[in-house]
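Subject: Structure handover

Dear colleague,

Here is the structure for you to look at. My notes on what was found follow below it.

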Amino acid sequence: MDDPADELVDVVDEDNGVVGVVARSELRARNLWHRCTYVFVLNAAGELYVHRRTDTKDVYPGYFDVCAGGVNGAGESYEDCARREVDEELGVAAAPTFRFLHRYEGPSGRVWGAAFDVEWEGAIRWQPAEVVWGEFVASSELDAMIARERV
């Protein structure tokens with residue numbers, strides 16, 4: 001399956017229980033509740049890996065991102081999704097550590113999201129369809145990046 005819009009994903013209810021399966025395109029069109037993961041990649045110095053999304057992404061194209069991650073596939077656990085996404089997007093072959101689960105409801109989505117982090121000192125290999133730039137950034141530089149983006 002080449003088109004992400006055709007991927008099957010679980011639909012969940014407000015309590016995070018699975019209630020159905022739909023194509024990702026339907027999930028987006030109807031703003032259905034679903035599951036996703038976020039993986040923060042840090043190095044030993046505590047710098048956060050920041051990357052810019054491609055202009056072809058279906059959500060937030062061209063924006064900076066502070067984590068790898070994405071929508072869980074149908075039947076996919078949070079842990080499996082986190083491991084898959086950080087490997088696919090950034091080439092980080094490691095088991096992320098679960099940190100917390102959160103619920104978000106807004107105009108751009110309704111999700112139960114699981115946050116993870118991983119410490120990584122190896123090479124970062126972007127998936128060209130997902131990432132166009134990235135580097136480890138110190139927290140002091142993150143503030144400067146945010147200020148520049150707001151101008």
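Leaving aside neighbours within four places in sequence, Thr37 is in contact with Ala68, Gly69, Gly70, Asn72, Tyr78, Cys81, Ala82, Glu85, Ala114 and Phe116, where contact means heavy atoms within 4.5 Å. Thr37 sits in strand S3, residues 33–42. With a relative accessibility of 1%, Thr37 counts as buried; the term buried stands for under 20% relative accessible area, exposed for over 50%, and partly exposed for values in between, using a 1.4 Å probe and protein chains only.

Two remarks on how to read this. The model is predicted, so local features need pLDDT of at least 70 and side-chain atom pairs count only at pLDDT 80 or more, while totals for chains, interfaces and linings use all residues. Residues are numbered from 1 along each chain as its sequence is written, and side-chain values use heavy atoms, with hydrogens and water left out.

The chain as a whole

The protein chain has three helices and nine strands. These are DSSP runs numbered from the N terminus, with helices being H or I of at least four residues and strands being E of at least two. Starting at the N terminus, the order of elements is β-β-α-β-β-β-β-α-β-β-β-α.

The C-alpha trace spans about 40 × 35 × 30 Å along its principal axes. The radius of gyration of the protein chain is 15 Å, which agrees with the value near 15 Å for a compact globule of 151 residues; the radius is taken over C-alpha atoms, and the globule rule is 2.2 Å times the number of residues to the power 0.38.

Of the 151 residues, 41% count as buried. Among contacts between residues at least 6 apart in sequence, 57% join residues at least 24 apart. The accessible surface comes to about 8300 Å², and 52% of this belongs to carbon and sulfur atoms; accessible areas come from the Shrake-Rupley method with a 1.4 Å probe, and for residues only the protein chains shown count as cover.

There are 15 positive and 29 negative side chains, and the centres of the two sets lie 3 Å apart. Lys and Arg count as positive and Asp and Glu as negative, without His and the chain ends; the place of a charge is NZ of Lys, CZ of Arg, CG of Asp or CD of Glu.

Aromatic pairs

The structure holds four aromatic pairs. In one of them, the ring centres of Phe64 and Trp133 are 5.7 Å apart with planes at 70°, so the pair is edge-to-face. This pair links distant parts of the chain, with Phe64 in strand S5 (residues 64–65) and Trp133 in strand S9 (residues 131–137), 69 residues apart. Phe64 is partly exposed at 28% relative accessibility, and Trp133 is partly exposed with a relative accessible area of 28%.

The rings of Phe98 and Phe116 have centres 5.5 Å apart and planes at 75°, so this pair is edge-to-face. Phe98 lies in strand S7 (residues 97–106) and Phe116 in strand S8 (residues 109–119), 18 residues apart. Phe98 is partly exposed at 41%, whereas Phe116 is buried at 1%. Phe116 is also among the contacts of Thr37.

For the terms: rings of Phe, Tyr and Trp (its six-membered ring) pair if their centres lie within 6.5 Å, and planes under 30 degrees apart count as stacked, over 60 as edge-to-face and the rest as tilted.

Glu119

Glu119 is in strand S8 and is exposed, with a relative accessible area of 55%. Not counting residues up to four places away in sequence, Glu119 touches Leu42, Asn43 and Ala44.

Regards
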